[in-house]
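Please have the sequence and the structure in view while you read.

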Amino acid sequence: MSFDAAVVGSGPNGLAAAIRLAQAGRRVVVYEANSTVGGGARTMALTEPGCMHDVCSAVHPLGIASPYLRTLPLADHGLQWIQPPIAAAHPLDDGRAGFLLPDLDEMVASLGPDGDGWRQLIGYAAQNWDAVTAEFLRPIVHVPRSPLTLTRFGLTAATPATILGRRFESPETRALFAGIAAHTLLPLSRPFTSGIGLLLGAAAHVEGWPIPRGGSQAIVDAMVSVLESLGGEVITEARITHLDEVATDGPIIFDTGPHALAEIAGDALDRRYRDRLRKWRYGLSSFKVDYVMSEPVPWADARLTDASTVHLSGTADAVAAAEAAAWKGELTDRPFTLVSQPSMFDATRAPDGRHVLWAYCHAPKGFTGDLTETLDAHIEAFAPGFRDTVIARHSRGAAEMEADNANIVGGDIGAGSPSGTQIVFRPLIGRDPYRTPNPRIFLGSASTPPGAGVHGMCGFWAAESALAAGGRDR
Ligand SMILES: Cc1cc2nc3c(=O)[nH]c(=O)nc-3n(C[C@H](O)[C@H](O)[C@H](O)COP(=O)(O)OP(=O)(O)OC[C@H]3O[C@@H](n4cnc5c(N)ncnc54)[C@H](O)[C@@H]3O)c2cc1C
């Protein structure tokens, strides 16, 4: 059977691309290597029966606030967002903690002398969310619709997080901002590291940092359902290794890494372009542990129980030091660690008497060891007695992650290093980064702008590029 268009990979970007093509009247097929759909948004029973773990992504500020996903009827197709009372928490060793509260006014009031600075920096992006995301969740080379917002937000975003963070006085606000900025996966002294801090901070005040009922899988299941309602089809256990395996004469959008695109497309792409794709650099690695516990995490500060995400690393200086060390290839006792506790807010995630916990940390590039004990100790330091609650663990390093999802090369959760030009030009410098020299082949994974996260915007823009090249609606 022949289709009008095809997508290789059913991650959130692949599915967003497929839905956009189907909306334009194309009959689309999606090929997925795994037995289940969703890539970095799958939820699986990795440990005990009934305990559902998010394999990669867990918390979705950019999912709920994505300009494209927001336009889709995902709620009608089963997606329910759960809003924990606190978006993110960041405890310090001395017992203080920073809290990212969804309501901007409440947040500003809670920060005392830092409130004004928070409103000026993060509040500005929240209050101009549509303009900010319209300018930044897309390729950087474009004609701006809101040049003033672009300039004001862009200049702040370009500031290293270590410098911007000094706008705050209290150690807990500084640490909170540093922890959010550390999602950039770069040393915080580098330019542009404030951008993610501002964007994710602002997203909390726009739509919160929610988790989907049932886990991240609910997002991609709803996307598949929307796609099928538009006549699209997903074929699982179909790893594409050569273009001959793709049943279309129309456009093919790759939800894969640039190296994989070069291999699969082969001679269909000219040698110079393939050589450039092969130069794509991957960044930091990661290590993840999924826990089953007999009770909630016994946080020393009980307020952390209400947080969607908990960042563990201590002060802003400690976060910066941990990220700098990882970049130098050094292991530390306290790597930057992210924790999410979904069963606190969603009873479907674990049976009675059980809780699931999701935790991962950043690790040096090329790291192949086991950081289970490091993560256990890190959580225990902020939650004495934690180890005694653990019933089962499922640990994954770079090799296991990449074997499970070919896009997570070397455990890089960002689909490519954001260092150098790669922070904005993904995978190559150009006005339309989704296009390739072959008019039928497009790249739309998180290795393209705007980069990592479950927002579908890379796939959406890749589909727009394909539609522009091949005539728009049918
Ligand atoms: C540990 C971890 C934690 C994360 N936490 C968050 C979070 O909390 N919130 C957030 O927003 N983001 C998070 N992310 C990032 C997020 O998961 C990714 O940025 C996002 O999933 C990227 O989407 P994608 O569609 O580009 O690729 P992916 O989601 O990686 O999907 C790619 C798909 O393509 C398939 N595929 C690859 N090659 C082929 C082939 N040759 N043939 C057929 N199929 C193929 C893969 O099997 C996979 O299903 C996390 C990532 C990791 C690894």
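The side chains of Asp 346 and Arg 213 meet in a salt bridge at 3.9 Å, N to O, where a salt bridge is a side-chain nitrogen of Lys or Arg within 4 Å of a carboxyl oxygen of Asp or Glu. The model is predicted, so local features need pLDDT of at least 70 and side-chain atom pairs count only at pLDDT 80 or more, whereas totals for chains, interfaces and linings use all residues. Residues are numbered from 1 along each chain as its sequence is written, and side-chain values use heavy atoms, with hydrogens and water left out.

**Asp 346 and Arg 213**
- Asp 346 is buried at a relative accessible area of 0%, while Arg 213, at 36%, is partly exposed (buried means under 20% relative accessible area, exposed over 50%, partly exposed in between, with a 1.4 Å probe and protein chains only).

**Arg 349 and Asp 54**
- Arg 349 forms a salt bridge with Asp 54, and their closest N and O atoms are 3.3 Å apart.
- Arg 349 lies in the loop between β13 (337-340) and β14 (355-363) and Asp 54 in strand β4 (residues 53-54), so the pair ties together parts that are 295 residues apart in sequence.
- Arg 349 counts as buried at 1% relative accessibility, and Asp 54 is buried too, at 2%.

**The whole structure**
- A search of the whole structure finds 20 salt bridges.

Definitions and conventions. Helices (H or I, at least four residues) and strands (E, at least two) are DSSP runs, numbered from the N terminus.
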